[in-house]
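This report walks through a protein structure, one part at a time. Please keep the sequence and the 3D view open while reading.

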Amino acid sequence: MTLPDIRQRSGYLFLAVILGHVLLISAQVNSARGVPVLEAVTFGIFSEVQRTLSGGLSGIQNVWSGYIGLRHVKAENDELKRQLAAAQVTGQEQRALADRARGFAALLELRQHVKLSTTAAEIIGGAASADFLTLTIDKGTRDGLRPDMAVIAPAGVVGRIVVPSARSAKVQLLTDRNAAAGAIVERTRAQGVVVGAGEDRLQMEYVSEVADVVAGDVVVTSGIEGVYPKGFVIGRVETVEKSGTAYKRITVRPAVDFSSLEEALVVLTPTPAKEAGQGVQE
Amino acid sequence: MILAVSAALALQTTLARFLVRGAITVDLVLVVVVYVALSAGPTTGLLTGAFAGLVQDALSSNIIGIGGLSKTIVGFLAGIIGTQFIVTQPLPRFVVFFGGTMLHAVVFMGLYMLLDLRQFGSPYGAVTGQATANAVVGVVAFQLVELLPGAVERRRAAKTRLRR
């Protein structure tokens, strides 16, 4: 029998005796919670092993998801960015549709109030030259449009048809230097002629020096030129100056924001003045 | 081994406290355990410690097993030391007895405090005193036994059998 054998056997015997004592003690002693000591100690040790293992597994999992798993994150991120961009474009399209819907609703409301035959048209183009303030609409002769038909918007007068084609038409804006319309100051009924001043302003001419016109007065169409129906808003008086002649120099701010115009109504019904003129010709 | 333990228990209980300068006591049973362990090896030492400790616990209304556990550990380690080192001189024996008593106190008191069964305050002085006393008694016991005729030869024969 060698010494290592004896030591090994005595070691096993030692462990067995120790275990026996622990069991014996445990059988007599409860922990503070009333649980047998052996059970409490064993569970305490085992729970620490469980905690360590769990922590190790969590660490491995974190390394995996936080580093190794990130290999696919860039591709996923790129895909998500692409989807976000597409969603943003869709959102903008929806917003534009909503704006158009609101514009159409206002136009519809105007059409219902106007006792004239009208047709709605969408603005599809602007002027090709800055010298001529015009718009292009998506209605033409096929839709009953003719030259010198008035074009109006919910806010006020836009202009008149100058060149209709079969499926579209060019509209001369009231602010164009070549445009003009008979006008009346709504408050005092002072008459004059509104002419385009370029940019986004109008000049009201031939208003008597003694006429009562002040800034803020609403200017409406008089209908005497035979193009625009009577009583439609042209704009508001911005400034009133004395010109040294028999007439006042009046600047009118248009009621319509031409830069944001998207839809308009074309008045199909001829004005009384035009009908009267046609009758005379006949 | 059983005889030695029984004699130690009888002396321990009949002589009551062997008081030296107040609270210092001698644990004769522990002395016997260490003596047997040094003489006979770790297996005999741990078995002696287990038996002696259990009996002492039973006689002293302690939790049965704490004393046995303490003396088992001391007996086993003393036996290991006895087989690994030359512990034939008084000084090494003194150290083993001293250390064994300290170890026994640590395990014994530690278990009681761990299980919240008893508080011992600051027993450092008492434990040191007991360790010194045990060491003195243990060394003296060894010297007395070795004065017996043939004791040395029997020890050598026993160690030779162990090596085989």
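The expected span of a helix is 1.5 Å times one less than its number of residues. Helices (H or I, at least four residues) and strands (E, at least two) are DSSP runs, numbered from the N terminus. The model is predicted, so local features need pLDDT of at least 70 and side-chain atom pairs count only at pLDDT 80 or more, while totals for chains, interfaces and linings use all residues. Residues are numbered from 1 along each chain as its sequence is written, chains are lettered from A and ligands numbered from 1 in the order in which they are written, and side-chain values use heavy atoms, with hydrogens and water left out.

| Helix | Residues | Length | Span, first to last C-alpha | Expected span |
|---|---|---|---|---|
| α3 of chain B | 42-59 | 18 residues | 25 Å | 26 Å |
| α5 of chain B | 90-114 | 25 residues | 35 Å | 36 Å |

For α5(B), the span is close to the expected value. Just after α5(B), B:Asp116 has a positive phi of about 60°.

Which residues of α5(B) are buried? Buried means under 20% relative accessible area, exposed over 50%, and partly exposed in between (1.4 Å probe, protein chains only). The buried residues of α5(B) include B:Arg93, B:Phe97, B:His104 and B:Tyr112. In α3(B), the buried residues include B:Pro42, B:Leu46, B:Gln56 and B:Asp57.

**A helix crossing in chain B**

Helices α2 (residues 28-40) and α4 (residues 66-84) of chain B have axes that come within 7 Å and cross at roughly 35°. Axes are lines fitted to C-alpha atoms, for helices over the stretch in contact, and angles run from 0 to 180 degrees between N-to-C directions. Contact means heavy atoms within 4.5 Å.

On the α2(B) side, the meeting residues include B:Val29, B:Val33 and B:Ala37, and on the α4(B) side they include B:Val74, B:Ala78 and B:Gly82. The residues of this contact divide into eight nonpolar, three polar and one charged. Here Ala, Val, Leu, Ile, Met, Phe, Trp, Tyr, Cys and Pro count as nonpolar, Asp, Glu, Lys and Arg as charged, and the others, Gly among them, as polar.

B:Thr72 also lies in helix α4 of chain B. Is B:Thr72 buried or exposed? B:Thr72 counts as buried because its relative accessible area is 0%. Leaving aside neighbours within four places in sequence, B:Thr72 is in contact with residues of chain A, including A:Phe14 and A:His21, and with residues of chain B, including B:Leu46 and B:Ala50.

**Chain A and the cores**

Chain A has four helices and twelve strands. Of its 282 residues, 32% are buried.

A nonpolar core is a set of buried Ala, Val, Leu, Ile, Met, Phe, Trp, Tyr and Cys residues joined through side-chain atoms within 4.5 Å. In the largest core, of 26 residues, A:Met204, A:Val213, A:Val219 and A:Ile234 touch the most other members. The largest share of this core, three residues, comes from β6(A). A second, separate core of 20 residues includes A:Phe14, B:Ile63, B:Ala105 and B:Val107.

A:Gly192 lies in strand β7 (residues 191-196) of chain A. A:Gly192 counts as buried because its relative accessibility is 9%. A:Gly192 and A:Gly182 are ten residues apart in sequence and 6.3 Å apart in space, C-alpha to C-alpha. Not counting residues up to four places away in sequence, A:Gly192 touches residues including A:Gly182, A:Met204 and A:Tyr206.
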